[in-house]
Amino acid sequence: MKRFLIYIAKIILVIILIAFGLDGIYTAIFMQSKNRGKIETVFNSKAQKNDVVILGSSRANNHFVSQMFEDKGLHTFNYGMSGGHLFEASLMLKLMIERKYVIKNVILEADLNLASDHQAEGICALFLPYIHNSNVIQEHFSNEENFKELYYIPFYRYVKFDSKIGFRETFFSAIHKKTNSLDNLGYYPLEKNKNGNMKNNIVNLNPLPHNKYYEEIKNICKDNNINFIAVMTPMCENVVGMNYFDKVKKVYPEIYNYENVVVENKYFSSCGHMTDDGARIFTARILKDFFNK
C-alpha cells in the first residue's frame, strides 16, 4: 500500500511539473507575439501616442473607418473586437494606460453592449496568457467566479480555452503567422451579404442602469485627461424595438445617439453591421461632428 501511494504521489508530481513546464512555454510564446491580434499587440507594445482610440464590439470594429481619421491627420487605431463586451473594452483601455499610452480621444461604441456587464468568454480568454504578467489583467479578472482556478492552477487556462489560446494558437504565434485583425488600422470592412440577417428584435433588451465597465471606461478617461466620446451606432430599418436607444439616452444622457444616421438596408451587411459604404457615411458624420476643426 505504501509503495502504491508513493507511486501515485510520483505521478501527481510529474503531472504538476509538466503543467508548470507547458504553462511556462505557452506563456513565453505569447509574450513575444505581436502580429496576430489586438490584445497581444497592445500587451507587447511600448508607449504610443494616439489622437483617437476606438473601442467596442464588432459594431465598433465594422463601423469606424480608421483611415478616414488618418486622412484628417488624426493618428487612429480601431481596437473594436468582434464578439467583445464592455468588460473587454475596459480591460483593453486599462492595458493601454498600463503601457503608458498617451491618448487624446477615446470613441466608445456604447449601445447594445450596455445591456450586459458579463465577460465575453471567447474574447476575454485572449487576455489570460498574460494574467501573471500584468497587474491590471489580474485585477480585472479577480472578481470572476473562476479566477482562482485560472490564476493558481498551472496550464488550466490554456486547457479550458483551448480553442482560443490552446496548441493551435500557440503554434501560430510561435511561427509569427499573421491574421487580418491588424489590417486597415484595426477596421474590418464588410460587404453586402445576401444571407445576412436583416431582421432584428430588441424589444426585450434593456440597458443596465449602472454598467460597471462603461463607468470604468468613462472614469479612466477622466483620470487621464482623455476626451471621452460615447456613441450609439446605426442599425437597419427593419429592427423591432428601436426605442431601446431612447432607453439608453434616458439612462446615459451623455451618449450621442447616431442610430438613425444610416438606416437603409442597402448599407447593411446584417441588421446590426454596416457595409463599408455605410461605415464611411457614418464615419464622415462622426468626423464632421467631433473633429471638424
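Contact here means heavy atoms within 4.5 Å. I'm working on a predicted model, where local features need pLDDT of at least 70, side-chain atom pairs count only at pLDDT 80 or more, and totals for chains, interfaces and linings use all residues. Residues are numbered from 1 along each chain as its sequence is written, and side-chain values use heavy atoms, with hydrogens and water left out.

**Helix α1.** I took helices (H or I, at least four residues) and strands (E, at least two) as DSSP runs numbered from the N terminus. Next I looked up its buried residues (under 20% relative accessible area, 1.4 Å probe, protein chains only). They are Ala-19, Asp-23, Tyr-26, Thr-27, Ile-29 and Phe-30, and they pack against α9 (156-160), α10 (162-165) and α11 (167-174).

**Cysteines.** With a disulfide taken as a pair of cysteine sulfur atoms within 2.5 Å, I get one. Cys-236 and Cys-271 form it, sulfurs 1.8 Å apart. The S-S torsion is about -45°, so this disulfide is left-handed. Cys-236 sits in the loop between β4 (227-232) and α13 (244-251) and Cys-271 in the loop between β6 (268-270) and β7 (273-274), so the pair ties together parts 35 residues apart in sequence. Both Cys-236 and Cys-271 are buried. I also looked up Cys-124, buried at 1% relative accessibility, and Cys-221, buried at 0%.

**Asn-113.** I found Asn-113 in the loop between β3 (102-109) and α6 (121-124). Asn-113 is buried at 8% relative accessible area. Leaving out residues up to four places away in sequence, Asn-113 touches Ser-57, Leu-86 and Asn-211.

Conventions: Buried < 20%, exposed > 50% of the residue type's maximum accessible area, 1.4 Å probe, protein only.
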